[in-house]
Amino acid sequence: MYTHLQLRDSDRPPVTLATLARMKAQGEKIVSLTCYDASFAVLLDAADVDVVLVGDSLGMVIQGRDTTVPVTMDQMVYHSAAVARGLHRPFLITDLPFMSYPTKERALENAVRLMQEGGAKMVKLESGGGQVEIVEFLASHDIAVCAHLGLKPQSVHKTGGFRVQGREDAAAHQLIEDAKRLESAGADVVLLECIPAALGMQITAALAVPVIGIGAGPDTDGQILVLYDILDITTGRKPRFVRNFMAGAGDNLEAIKRYVAAVRERAYPAAEHCF
Ligand code: KIV
């Protein structure tokens, strides 16, 4: 009954949660990038990226805003649908933007929009202990969830800026506990942003679900970066964990392929990209 989906490109079956679980079990690195439109989505697919995230970072890299806070649900749906049209193999995750999940009911309503209108296979929300119930509610409705921990850009006005998280023992302990609680609540993937490499390794080892890191060291199950950062389109000061893959590459596709190879071969991230 489902064969028309599988036969579309049988050499390259679409990545599923089962694929990601197998990759974690076999120690194969998961390669992920953000994306915001169909043209780049086609390139990411061609470069064999495993997981594509329509991040609310689009507020900064596409809209030129200072933070992700102004990004709306309609904007996320619009960009997610565009990206979904360009993808075949990669697993598509889309961000629930700021204040789109203040209650479990609103979270469900908005997750459904990202999936039905935006083509997402999983939704991501910036989480802590306060989001456990929401993750549980989404999971109970069979919605795949990625819990984003560590630096949470939607909270920068409260937390005081874009800073490395979990440096102190108490904060590190809290992050480990939150990650375990979110996994128990039903999170299928955990994303760690901007934490010390040793903590990234500890959380990854403590969880059964795949862990994808950005500025979280080399030992997470996968790596993600913002597409415009690796292509050197982003201007101004870049975070320590960013590497420019455009340097020496002939075109965008080659740069993306270099990133894919560097993550799979564990050449990225190197010591200079870690906290
Ligand atoms: O919005 C985004 O692009 C993200 C990545 C930084 C992981 O959440």
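A residue is called buried when its relative accessible area is under 20%, exposed when that area is over 50%, and partly exposed in between, computed with a 1.4 Å probe on protein chains only. This is a predicted model, in which local features need pLDDT of at least 70 and side-chain atom pairs count only at pLDDT 80 or more, while totals for chains, interfaces and linings use all residues. Residues are numbered from 1 along each chain as its sequence is written, and side-chain values use heavy atoms, with hydrogens and water left out.

**Strand E3**
- Helices (H or I, at least four residues) and strands (E, at least two) are DSSP runs numbered from the N terminus, and strand E3, residues 91-95, has 5 of its 5 residues buried.
- Phe 91, Ile 93 and Asp 95 point one way from E3, whereas Leu 92 and Thr 94 point the other way, and all are buried.
- In a regular strand the side chains alternate between the two faces of the sheet.

- Strands count as paired if DSSP finds at least two bridges between them; E2 (residues 51-54) pairs with E3 in the parallel sense over 4 bridges, and Val 52 has Leu 92 as its bridge partner in E3.
- E3 also pairs in the parallel sense with E4 (residues 122-126), over 3 bridges, with Thr 94 standing opposite Val 123 in E4.

**Asp 66**
- Asp 66 lies in the loop between helix H4 (58-61) and helix H5 (73-86), and it counts as exposed because its relative accessibility is 66%.
- Leaving aside residues up to four places away in sequence, Asp 66 touches Met 60 and Phe 162, where contact means heavy atoms within 4.5 Å.
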